[in-house]
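Look over the sequence and the 3D model below.

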Amino acid sequence: MKIAVVGTGYVGLVTGTCFAETGNNVVCIDINEEKVAQMKSGVIPIYEPHLDVLFERNIREGRLTFSTDLAASIVDAQIIFLALPTPPGEDGSADLSYVLGVAKQLGSLISDYKIIVDKSTVPVGTAELVNNAIAENAKVQFDVVSNPEFLREGFAVDDFMKPDRVVIGTRSERAKQLMNELYKPFTRQGNPIIFMDERSAELTKYAANAFLATKISFMNEIANFCEKVGADVDMVRLGIGTDDRIGKRFLFPGMGYGGSCFPKDVQALAKSGNDSGYEFKILKSVMKVNERQKTTLLKPILDYFNNSLTHTKIAIWGLAFKPDTDDIREAPALYMIEHLLEAGATIVAYDPEAMPNVQKQKGYAITYARDAYEALEGADALLICTEWGMFRNPDFDKIGKALKSKVIFDGRNLYELDKMQELGFFYKSIGRSTVNND
Ligand code: NAD
(Lines give C-alpha, C1' and ligand atoms only; values in the text may rest on other atoms or scores of the structure.)
Protein backbone atom coordinates (compact mmCIF):
# COMPACT_ATOMS: atom_id res chain seq x y z
CA MET A 1 0.00 0.00 0.00
CA LYS A 2 1.06 3.59 -0.42
CA ILE A 3 1.00 5.55 2.79
CA ALA A 4 1.73 9.15 3.77
CA VAL A 5 2.36 10.12 7.39
CA VAL A 6 2.05 13.81 8.18
CA GLY A 7 4.09 14.77 11.25
CA THR A 8 7.28 12.80 11.82
CA GLY A 9 7.72 12.96 15.60
CA TYR A 10 7.76 10.03 18.02
CA VAL A 11 4.47 8.63 16.73
CA GLY A 12 4.81 9.56 13.05
CA LEU A 13 8.31 8.16 12.67
CA VAL A 14 7.50 4.88 14.44
CA THR A 15 4.24 4.52 12.48
CA GLY A 16 5.89 5.26 9.15
CA THR A 17 8.87 3.02 9.79
CA CYS A 18 6.76 0.07 11.01
CA PHE A 19 4.37 0.31 8.05
CA ALA A 20 7.41 0.33 5.73
CA GLU A 21 8.75 -2.72 7.58
CA THR A 22 5.63 -4.66 6.55
CA GLY A 23 6.20 -3.88 2.86
CA ASN A 24 4.26 -0.65 2.38
CA ASN A 25 5.69 2.37 0.61
CA VAL A 26 5.74 5.20 3.12
CA VAL A 27 6.55 8.86 2.84
CA CYS A 28 6.93 10.75 6.12
CA ILE A 29 6.23 14.46 5.90
CA ASP A 30 7.28 17.15 8.34
CA ILE A 31 7.46 20.94 8.29
CA ASN A 32 10.73 20.90 10.21
CA GLU A 33 13.22 21.20 7.34
CA GLU A 34 16.24 20.46 9.49
CA LYS A 35 14.68 17.25 10.77
CA VAL A 36 13.70 16.12 7.27
CA ALA A 37 17.20 16.84 5.93
CA GLN A 38 18.64 14.85 8.83
CA MET A 39 16.36 11.87 8.15
CA LYS A 40 17.06 12.03 4.40
CA SER A 41 20.74 11.67 5.20
CA GLY A 42 19.96 8.58 7.28
CA VAL A 43 20.19 10.15 10.73
CA ILE A 44 17.40 9.23 13.13
CA PRO A 45 16.19 12.29 15.07
CA ILE A 46 14.98 10.54 18.25
CA TYR A 47 16.29 7.88 20.58
CA GLU A 48 13.95 4.91 20.56
CA PRO A 49 15.30 1.37 21.12
CA HIS A 50 15.33 -0.85 17.98
CA LEU A 51 13.94 1.86 15.73
CA ASP A 52 17.32 2.58 14.12
CA VAL A 53 17.63 -0.88 12.56
CA LEU A 54 14.19 -0.68 10.94
CA PHE A 55 14.74 2.95 9.94
CA GLU A 56 18.02 2.17 8.16
CA ARG A 57 16.74 -0.99 6.47
CA ASN A 58 13.61 0.59 5.06
CA ILE A 59 15.43 3.65 3.78
CA ARG A 60 18.01 1.39 2.14
CA GLU A 61 15.31 -0.71 0.50
CA GLY A 62 13.49 2.35 -0.76
CA ARG A 63 10.23 1.88 1.17
CA LEU A 64 10.73 4.80 3.56
CA THR A 65 11.27 8.35 2.33
CA PHE A 66 10.99 11.82 3.82
CA SER A 67 9.71 15.11 2.52
CA THR A 68 8.63 18.61 3.48
CA ASP A 69 6.32 18.77 0.46
CA LEU A 70 2.81 17.80 1.54
CA ALA A 71 1.22 18.31 -1.89
CA ALA A 72 3.68 16.13 -3.80
CA SER A 73 3.85 13.46 -1.11
CA ILE A 74 0.16 12.66 -0.86
CA VAL A 75 -0.59 12.35 -4.59
CA ASP A 76 -0.12 8.56 -4.68
CA ALA A 77 -1.04 7.78 -1.08
CA GLN A 78 -4.14 5.68 -0.45
CA ILE A 79 -4.04 6.38 3.26
CA ILE A 80 -2.84 9.61 4.91
CA PHE A 81 -2.02 9.44 8.61
CA LEU A 82 -2.05 12.60 10.72
CA ALA A 83 0.49 12.19 13.53
CA LEU A 84 0.54 15.85 14.45
CA PRO A 85 0.99 17.50 17.84
CA THR A 86 -2.09 18.17 19.98
CA PRO A 87 -0.49 20.18 22.81
CA PRO A 88 -2.54 21.68 25.61
CA GLY A 89 -4.07 25.02 24.77
CA GLU A 90 -4.18 27.79 27.36
CA ASP A 91 -7.40 26.44 28.87
CA GLY A 92 -6.09 22.85 29.01
CA SER A 93 -8.05 21.59 26.02
CA ALA A 94 -6.22 19.89 23.15
CA ASP A 95 -4.98 22.42 20.60
CA LEU A 96 -6.32 21.13 17.28
CA SER A 97 -4.78 23.82 15.11
CA TYR A 98 -2.06 21.50 13.70
CA VAL A 99 -4.53 18.74 12.83
CA LEU A 100 -7.20 21.02 11.40
CA GLY A 101 -4.63 23.16 9.58
CA VAL A 102 -3.33 20.14 7.67
CA ALA A 103 -6.90 18.82 7.13
CA LYS A 104 -7.82 22.11 5.51
CA GLN A 105 -4.83 21.92 3.18
CA LEU A 106 -5.66 18.33 2.26
CA GLY A 107 -9.10 19.35 1.03
CA SER A 108 -7.69 21.21 -1.93
CA LEU A 109 -4.83 18.74 -2.49
CA ILE A 110 -6.59 15.39 -2.82
CA SER A 111 -7.61 14.39 -6.32
CA ASP A 112 -8.85 10.84 -5.77
CA TYR A 113 -10.38 8.79 -2.92
CA LYS A 114 -8.24 8.89 0.22
CA ILE A 115 -8.55 7.70 3.77
CA ILE A 116 -7.40 10.34 6.23
CA VAL A 117 -6.52 8.83 9.60
CA ASP A 118 -6.32 10.73 12.89
CA LYS A 119 -3.48 9.10 14.77
CA SER A 120 -2.97 12.07 17.03
CA THR A 121 -4.73 11.95 20.38
CA VAL A 122 -7.79 14.12 19.82
CA PRO A 123 -10.99 14.94 21.70
CA VAL A 124 -14.32 13.35 20.89
CA GLY A 125 -15.81 14.93 17.79
CA THR A 126 -12.50 15.71 16.07
CA ALA A 127 -13.10 13.25 13.21
CA GLU A 128 -16.17 15.32 12.32
CA LEU A 129 -14.16 18.54 12.48
CA VAL A 130 -11.44 17.03 10.29
CA ASN A 131 -14.11 15.80 7.89
CA ASN A 132 -15.63 19.28 7.67
CA ALA A 133 -12.25 20.97 7.23
CA ILE A 134 -11.38 18.68 4.31
CA ALA A 135 -14.87 18.87 2.83
CA GLU A 136 -14.65 22.68 2.56
CA ASN A 137 -12.40 22.35 -0.49
CA ALA A 138 -12.49 18.68 -1.50
CA LYS A 139 -13.90 17.73 -4.87
CA VAL A 140 -13.46 13.99 -4.41
CA GLN A 141 -14.66 11.34 -1.95
CA PHE A 142 -12.72 10.64 1.23
CA ASP A 143 -13.19 8.99 4.61
CA VAL A 144 -11.88 10.20 7.96
CA VAL A 145 -10.91 7.43 10.38
CA SER A 146 -9.92 7.63 14.02
CA ASN A 147 -7.03 5.27 14.82
CA PRO A 148 -5.55 6.26 18.19
CA GLU A 149 -2.03 5.16 18.98
CA PHE A 150 -1.19 3.30 22.19
CA LEU A 151 2.59 2.91 21.80
CA ARG A 152 4.84 3.64 24.77
CA GLU A 153 8.05 5.54 24.23
CA GLY A 154 10.93 3.20 25.05
CA PHE A 155 8.91 0.21 23.74
CA ALA A 156 7.44 1.91 20.71
CA VAL A 157 8.62 -0.52 18.04
CA ASP A 158 7.48 -3.58 19.96
CA ASP A 159 4.17 -1.95 20.82
CA PHE A 160 3.57 -0.99 17.21
CA MET A 161 4.65 -4.29 15.69
CA LYS A 162 2.75 -6.40 18.25
CA PRO A 163 -0.02 -4.19 19.62
CA ASP A 164 -2.33 -5.46 22.38
CA ARG A 165 -5.11 -4.19 20.15
CA VAL A 166 -5.70 -1.87 17.24
CA VAL A 167 -8.64 0.50 17.60
CA ILE A 168 -10.25 1.78 14.43
CA GLY A 169 -13.13 4.20 14.48
CA THR A 170 -15.04 4.35 11.22
CA ARG A 171 -18.50 3.72 9.86
CA SER A 172 -17.28 3.42 6.26
CA GLU A 173 -17.08 -0.15 4.93
CA ARG A 174 -14.53 0.92 2.33
CA ALA A 175 -12.22 2.43 4.96
CA LYS A 176 -12.74 -0.52 7.27
CA GLN A 177 -11.55 -2.97 4.62
CA LEU A 178 -8.39 -1.04 3.75
CA MET A 179 -7.50 -0.41 7.39
CA ASN A 180 -8.03 -4.09 8.16
CA GLU A 181 -5.68 -5.04 5.32
CA LEU A 182 -3.05 -2.56 6.48
CA TYR A 183 -3.06 -3.76 10.09
CA LYS A 184 -3.41 -7.52 9.46
CA PRO A 185 0.36 -8.17 9.56
CA PHE A 186 0.49 -6.65 13.06
CA THR A 187 -2.25 -8.79 14.58
CA ARG A 188 -1.25 -12.26 13.36
CA GLN A 189 -0.91 -13.50 16.94
CA GLY A 190 -4.62 -12.99 17.38
CA ASN A 191 -4.68 -9.64 19.10
CA PRO A 192 -7.85 -7.90 17.98
CA ILE A 193 -8.52 -5.10 15.57
CA ILE A 194 -11.48 -3.48 17.28
CA PHE A 195 -13.78 -1.56 14.98
CA MET A 196 -16.07 1.06 16.44
CA ASP A 197 -17.50 4.48 15.66
CA GLU A 198 -15.17 7.47 15.48
CA ARG A 199 -16.29 9.06 18.77
CA SER A 200 -15.80 5.89 20.78
CA ALA A 201 -12.33 5.42 19.27
CA GLU A 202 -11.36 8.97 20.19
CA LEU A 203 -12.56 8.51 23.75
CA THR A 204 -10.89 5.09 24.08
CA LYS A 205 -7.46 6.72 23.89
CA TYR A 206 -8.23 9.35 26.52
CA ALA A 207 -9.89 6.78 28.76
CA ALA A 208 -6.83 4.50 28.54
CA ASN A 209 -4.36 7.25 29.44
CA ALA A 210 -6.57 8.71 32.15
CA PHE A 211 -7.01 5.28 33.71
CA LEU A 212 -3.26 4.63 33.79
CA ALA A 213 -2.55 8.09 35.20
CA THR A 214 -5.17 7.41 37.87
CA LYS A 215 -3.44 4.17 38.78
CA ILE A 216 -0.14 6.04 39.17
CA SER A 217 -1.61 8.83 41.30
CA PHE A 218 -3.51 6.32 43.43
CA MET A 219 -0.33 4.40 44.12
CA ASN A 220 1.56 7.60 44.91
CA GLU A 221 -1.08 8.48 47.49
CA ILE A 222 -0.76 5.02 49.03
CA ALA A 223 3.03 5.56 49.12
CA ASN A 224 2.68 8.91 50.85
CA PHE A 225 0.35 7.35 53.39
CA CYS A 226 2.79 4.45 53.92
CA GLU A 227 5.38 6.99 55.05
CA LYS A 228 2.96 8.41 57.61
CA VAL A 229 2.03 5.07 59.12
CA GLY A 230 5.27 3.14 58.79
CA ALA A 231 4.17 0.72 56.06
CA ASP A 232 6.35 -0.26 53.07
CA VAL A 233 4.76 0.60 49.75
CA ASP A 234 6.77 -2.05 47.90
CA MET A 235 5.20 -4.72 50.07
CA VAL A 236 1.75 -3.22 49.59
CA ARG A 237 2.40 -3.11 45.85
CA LEU A 238 3.26 -6.80 45.77
CA GLY A 239 0.32 -7.56 48.00
CA ILE A 240 -2.23 -5.92 45.73
CA GLY A 241 -0.56 -6.47 42.34
CA THR A 242 -0.91 -10.24 42.61
CA ASP A 243 -4.68 -9.76 42.49
CA ASP A 244 -5.60 -10.29 38.81
CA ARG A 245 -8.30 -7.67 39.05
CA ILE A 246 -5.68 -5.06 39.92
CA GLY A 247 -2.66 -6.30 37.96
CA LYS A 248 1.04 -5.81 38.58
CA ARG A 249 1.72 -2.98 36.18
CA PHE A 250 1.61 0.76 36.82
CA LEU A 251 1.76 0.25 40.57
CA PHE A 252 5.25 1.63 41.12
CA PRO A 253 5.26 4.78 43.22
CA GLY A 254 7.61 7.55 42.20
CA MET A 255 7.86 11.21 41.27
CA GLY A 256 4.59 11.34 39.36
CA TYR A 257 3.78 10.81 35.72
CA GLY A 258 5.30 13.02 33.03
CA GLY A 259 5.89 12.76 29.31
CA SER A 260 4.13 14.05 26.26
CA CYS A 261 0.86 12.20 26.86
CA PHE A 262 -0.50 11.61 30.37
CA PRO A 263 -0.33 15.20 31.67
CA LYS A 264 -1.92 16.75 28.60
CA ASP A 265 -4.42 13.96 27.98
CA VAL A 266 -5.78 13.88 31.54
CA GLN A 267 -6.10 17.66 31.43
CA ALA A 268 -7.80 17.59 28.02
CA LEU A 269 -10.30 14.92 29.08
CA ALA A 270 -11.18 16.88 32.21
CA LYS A 271 -11.65 20.00 30.05
CA SER A 272 -13.81 18.09 27.54
CA GLY A 273 -15.91 16.96 30.48
CA ASN A 274 -16.36 20.55 31.65
CA ASP A 275 -17.28 21.67 28.15
CA SER A 276 -19.98 19.00 28.02
CA GLY A 277 -21.32 19.87 31.47
CA TYR A 278 -19.68 16.88 33.16
CA GLU A 279 -17.26 17.29 36.04
CA PHE A 280 -14.57 14.58 36.14
CA LYS A 281 -13.93 14.64 39.89
CA ILE A 282 -11.46 11.76 39.80
CA LEU A 283 -9.32 13.37 37.10
CA LYS A 284 -9.10 16.64 39.01
CA SER A 285 -7.67 14.76 42.00
CA VAL A 286 -5.35 12.72 39.78
CA MET A 287 -3.83 15.96 38.45
CA LYS A 288 -3.52 17.53 41.91
CA VAL A 289 -1.80 14.46 43.35
CA ASN A 290 0.58 14.35 40.40
CA GLU A 291 1.47 18.03 40.75
CA ARG A 292 2.44 17.47 44.36
CA GLN A 293 4.28 14.23 43.66
CA LYS A 294 6.70 15.71 41.11
CA THR A 295 8.49 17.58 43.87
CA THR A 296 7.80 15.20 46.72
CA LEU A 297 11.54 14.84 47.41
CA LEU A 298 12.11 18.57 47.69
CA LYS A 299 11.09 18.84 51.35
CA PRO A 300 13.21 15.87 52.47
CA ILE A 301 16.20 17.39 50.65
CA LEU A 302 15.64 20.80 52.24
CA ASP A 303 15.13 19.18 55.65
CA TYR A 304 18.33 17.17 55.31
CA PHE A 305 20.36 20.29 54.47
CA ASN A 306 18.69 22.45 57.15
CA ASN A 307 16.76 24.50 54.57
CA SER A 308 19.88 25.93 53.00
CA LEU A 309 21.13 24.70 49.64
CA THR A 310 23.37 27.65 48.79
CA HIS A 311 26.54 25.64 49.35
CA THR A 312 25.07 22.33 48.32
CA LYS A 313 25.91 20.42 45.18
CA ILE A 314 23.33 17.88 44.05
CA ALA A 315 24.08 15.20 41.48
CA ILE A 316 21.05 14.15 39.44
CA TRP A 317 20.80 10.78 37.71
CA GLY A 318 18.15 10.79 35.00
CA LEU A 319 16.51 13.66 33.14
CA ALA A 320 14.19 11.89 30.67
CA PHE A 321 10.59 11.49 31.82
CA LYS A 322 11.17 7.74 31.84
CA PRO A 323 13.98 5.35 30.87
CA ASP A 324 14.80 4.38 27.28
CA THR A 325 13.76 7.65 25.75
CA ASP A 326 15.35 11.06 25.23
CA ASP A 327 11.95 12.72 25.66
CA ILE A 328 11.99 15.32 28.45
CA ARG A 329 8.47 16.68 28.06
CA GLU A 330 6.97 17.21 31.55
CA ALA A 331 9.82 15.20 33.09
CA PRO A 332 9.70 15.30 36.92
CA ALA A 333 13.50 15.82 36.92
CA LEU A 334 13.00 19.24 35.36
CA TYR A 335 10.61 20.34 38.11
CA MET A 336 13.13 19.24 40.71
CA ILE A 337 15.95 21.09 38.91
CA GLU A 338 13.93 24.31 38.84
CA HIS A 339 13.10 24.13 42.55
CA LEU A 340 16.61 23.14 43.58
CA LEU A 341 18.16 25.97 41.55
CA GLU A 342 15.71 28.39 43.08
CA ALA A 343 16.79 27.19 46.52
CA GLY A 344 20.40 27.98 45.59
CA ALA A 345 21.75 24.49 44.89
CA THR A 346 24.47 23.71 42.36
CA ILE A 347 23.48 20.85 40.04
CA VAL A 348 25.45 18.32 38.01
CA ALA A 349 23.29 16.04 35.91
CA TYR A 350 23.75 12.83 33.99
CA ASP A 351 21.35 11.05 31.64
CA PRO A 352 22.46 8.55 28.99
CA GLU A 353 20.23 10.05 26.25
CA ALA A 354 18.34 13.15 27.33
CA MET A 355 21.12 15.65 28.14
CA PRO A 356 21.25 17.23 24.64
CA ASN A 357 17.50 17.91 24.76
CA VAL A 358 17.70 19.56 28.19
CA GLN A 359 20.69 21.62 27.09
CA LYS A 360 18.98 22.72 23.88
CA GLN A 361 15.50 23.35 25.26
CA LYS A 362 16.03 24.50 28.84
CA GLY A 363 19.31 26.38 29.12
CA TYR A 364 19.52 25.69 32.85
CA ALA A 365 22.58 26.90 34.74
CA ILE A 366 23.66 23.36 35.51
CA THR A 367 26.61 21.17 34.54
CA TYR A 368 26.35 17.95 32.55
CA ALA A 369 28.61 15.01 33.37
CA ARG A 370 30.19 12.57 30.90
CA ASP A 371 29.13 9.58 32.91
CA ALA A 372 27.09 8.69 35.96
CA TYR A 373 30.05 8.60 38.37
CA GLU A 374 31.61 11.84 37.15
CA ALA A 375 28.36 13.56 38.16
CA LEU A 376 28.92 12.46 41.75
CA GLU A 377 32.41 13.92 42.20
CA GLY A 378 32.28 16.23 45.22
CA ALA A 379 28.47 16.30 45.35
CA ASP A 380 26.68 16.47 48.69
CA ALA A 381 23.92 14.12 47.59
CA LEU A 382 22.64 12.02 44.70
CA LEU A 383 19.06 12.47 43.50
CA ILE A 384 17.67 9.75 41.20
CA CYS A 385 14.87 10.96 38.93
CA THR A 386 14.71 8.35 36.12
CA GLU A 387 15.00 4.58 36.50
CA TRP A 388 17.46 3.89 33.67
CA GLY A 389 18.63 0.26 33.77
CA MET A 390 22.24 1.35 34.37
CA PHE A 391 21.29 2.93 37.71
CA ARG A 392 19.72 -0.24 39.08
CA ASN A 393 22.88 -2.06 40.04
CA PRO A 394 25.60 0.56 40.36
CA ASP A 395 29.00 0.35 42.03
CA PHE A 396 28.05 1.57 45.51
CA ASP A 397 31.67 1.65 46.56
CA LYS A 398 32.39 4.13 43.77
CA ILE A 399 29.28 6.14 44.68
CA GLY A 400 30.34 6.34 48.33
CA LYS A 401 33.84 7.46 47.43
CA ALA A 402 32.77 10.07 44.84
CA LEU A 403 30.09 11.72 46.98
CA LYS A 404 31.14 14.08 49.77
CA SER A 405 28.81 12.16 52.05
CA LYS A 406 26.83 9.01 51.42
CA VAL A 407 23.42 10.55 50.79
CA ILE A 408 20.88 9.34 48.21
CA PHE A 409 17.38 10.63 47.50
CA ASP A 410 15.74 8.07 45.23
CA GLY A 411 12.55 9.04 43.40
CA ARG A 412 12.29 5.58 41.82
CA ASN A 413 12.86 3.14 44.71
CA LEU A 414 15.72 1.39 42.96
CA TYR A 415 17.55 -0.03 45.97
CA GLU A 416 16.83 -2.36 48.87
CA LEU A 417 16.60 -0.68 52.25
CA ASP A 418 18.63 -3.40 54.00
CA LYS A 419 21.44 -3.02 51.52
CA MET A 420 21.59 0.74 51.92
CA GLN A 421 21.63 0.31 55.67
CA GLU A 422 24.46 -2.19 55.41
CA LEU A 423 26.45 0.09 53.07
CA GLY A 424 26.08 3.03 55.41
CA PHE A 425 24.07 5.38 53.20
CA PHE A 426 21.46 7.93 54.19
CA TYR A 427 18.72 6.77 51.81
CA LYS A 428 15.36 8.42 51.27
CA SER A 429 13.01 6.77 48.80
CA ILE A 430 9.24 6.93 48.22
CA GLY A 431 6.71 5.27 50.51
CA ARG A 432 9.33 3.42 52.54
CA SER A 433 11.12 4.22 55.77
CA THR A 434 14.22 6.39 55.54
CA VAL A 435 17.54 4.67 56.09
CA ASN A 436 19.50 6.97 58.34
CA ASN A 437 23.03 5.98 59.16
CA ASP A 438 23.95 9.37 60.64
P1 NAD B 1 5.98 15.22 18.28
O2 NAD B 1 5.93 16.59 18.80
O3 NAD B 1 7.10 14.31 18.66
O4 NAD B 1 5.91 15.24 16.69
C5 NAD B 1 5.03 16.02 15.93
C6 NAD B 1 5.70 16.35 14.61
O7 NAD B 1 4.77 17.03 13.78
C8 NAD B 1 6.92 17.26 14.74
O9 NAD B 1 8.03 16.67 14.10
C10 NAD B 1 6.49 18.55 14.04
O11 NAD B 1 7.57 19.21 13.38
C12 NAD B 1 5.48 18.02 13.03
N13 NAD B 1 4.56 19.02 12.50
C14 NAD B 1 3.95 20.06 13.14
N15 NAD B 1 3.14 20.72 12.27
C16 NAD B 1 3.23 20.09 11.09
C17 NAD B 1 2.65 20.30 9.82
N18 NAD B 1 1.79 21.29 9.59
N19 NAD B 1 2.99 19.47 8.81
C20 NAD B 1 3.86 18.45 9.01
N21 NAD B 1 4.45 18.20 10.19
C22 NAD B 1 4.14 19.01 11.22
O23 NAD B 1 4.59 14.55 18.72
P24 NAD B 1 4.31 13.02 19.07
O25 NAD B 1 4.83 12.70 20.42
O26 NAD B 1 4.69 12.16 17.91
O27 NAD B 1 2.71 13.06 19.19
C28 NAD B 1 1.87 13.20 18.07
C29 NAD B 1 0.46 12.86 18.50
O30 NAD B 1 0.38 11.50 18.92
C31 NAD B 1 -0.05 13.67 19.70
O32 NAD B 1 -1.42 13.89 19.56
C33 NAD B 1 0.20 12.75 20.88
O34 NAD B 1 -0.65 13.00 21.95
C35 NAD B 1 -0.09 11.39 20.26
N36 NAD B 1 0.58 10.26 20.91
C37 NAD B 1 1.87 10.38 21.34
C38 NAD B 1 2.51 9.29 21.91
C39 NAD B 1 3.93 9.38 22.41
O40 NAD B 1 4.35 8.49 23.15
N41 NAD B 1 4.69 10.39 22.04
C42 NAD B 1 1.82 8.07 22.06
C43 NAD B 1 0.51 7.99 21.58
C44 NAD B 1 -0.10 9.09 21.02
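An oxygen atom of the ligand sits 2.5 Å from an N or O atom in the side chain of lysine 264. The protein buries 88% of the 830 Å² that the ligand exposes when taken alone; accessible areas come from the Shrake-Rupley method with a 1.4 Å probe. This is a predicted model: local features need pLDDT of at least 70, side-chain atom pairs count only at pLDDT 80 or more, and totals for chains, interfaces and linings use all residues. Residues are numbered from 1 along each chain as its sequence is written, and side-chain values use heavy atoms, leaving out hydrogens and water.

Glutamate 153 has a side-chain N or O atom 2.8 Å from a nitrogen atom of the ligand. A polar backbone atom of isoleucine 31 is 3.4 Å from a ligand nitrogen.

## The shell

Helices here are DSSP runs of H or I, at least four residues, and strands are runs of E, at least two, numbered from the N terminus.

## Aspartate 351

Aspartate 351 lies in the loop between strand E10 (346-350) and helix H15 (355-362). What does its side chain reach at 2.7 Å? The backbone nitrogen of leucine 319. A polar atom of the aspartate 351 side chain also lies 2.8 Å from the backbone nitrogen of glutamate 353.

Terms used: Polar contact = N/O pair within 3.5 Å; in protein donor to acceptor, adjacent residues only side chain to side chain.
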